[in-house]
Amino acid sequence: MSTEQIAKDFVALLKEGKHDEAASRFNADDIASYENMPGPMQACHGKEAVRQKGEWWAANHEMHDFSSEGPYLNGDQFAVSFHVDVTVKETGERRVMDEVGLYTVKDGKIVEERFFY
């Protein structure tokens, strides 16, 4: 499967709200995930660690709105623009965030995701 097709299928699942299915289907077993923040979620390695990061996010935030645009392709990489409106459960603070996810594909799987915000 080409990077373009992986990107289109991945983003289509995100737009349907099927984030877990997208990750399960397209993430490599040894995926690396990098956030632009200090702390334990800054770098995660492996499909299970990335899944746990997603579970942590869902458990700690109330989602009001989520949308994605893209994919935007360049060789073996693609970018997706995200708009997220959440309330942090611990503090009650509502945050509206825009970020870009940059994904790298190798051998038909996403091997790296890197988030910019």
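Predicted model: local features only at pLDDT ≥ 70, side-chain atom pairs only at ≥ 80, totals over all residues.
Me: Where do I start? Which helices and strands does the protein have, and in what order?

Reply: Start with the elements. The protein has three helices and six strands. From the N terminus, they run α-α-β-β-α-β-β-β-β.

Me: How do I judge the overall shape? What radius of gyration does the protein have, and what would a compact globule have?

Reply: Set the value beside the one for a compact globule. With 117 residues, such a globule would have a radius of gyration near 13 Å. The protein has 14 Å, so the two agree. Then look at the box. Along the principal axes, the C-alpha atoms fill roughly 45 × 25 × 20 Å.

Me: What share of the residues is buried?

Reply: Buried means under 20% relative accessible area. Here 34% of the 117 residues count as buried. The accessible surface comes to about 6900 Å², and carbon and sulfur atoms hold 49% of that.

Me: How do I read contacts along the chain?

Reply: Ask how far apart in sequence the partners are. Take contacts between residues at least 6 apart: 43% of them join residues at least 24 apart.

Me: Now the largest pocket. How much space lies in it, and which residues are closest to its centre?

Reply: About 1200 Å³. The lining has 38 residues, and His19, Glu35, Lys53, Gly54 and Trp57 are the closest to the centre.

Me: Which element gives the largest share of that lining?

Reply: Helix 3, with 11 residues. Other elements supply at least two residues each, among them helix 1 (3-15) and strand 5 (94-106).

Me: What classes of residue line the largest pocket?

Reply: Sort them by class. The lining has 19 nonpolar, 13 charged and six polar residues.

Methods
Residues numbered from 1 in each chain as written. Heavy atoms only, no water. 1 Å grid on protein atoms, 1.4 Å probe; cavity = no way out; pocket = protein on both sides within 12 Å on 5 of 7 lines; lining within 4 Å. Points joined across faces, edges and corners; volume = space filled by probe spheres on them. Helix = DSSP H or I, 4+ residues; strand = E, 2+ residues; numbered from the N terminus. Nonpolar A, V, L, I, M, F, W, Y, C, P; charged D, E, K, R; others polar. Rg over C-alpha atoms; globule rule 2.2 N^0.38 Å. Buried < 20%, exposed > 50% of the residue type's maximum accessible area, 1.4 Å probe, protein only. Contact = heavy atoms within 4.5 Å. Areas by Shrake-Rupley, 256 points an atom, 1.4 Å probe, with all protein chains shown as cover.
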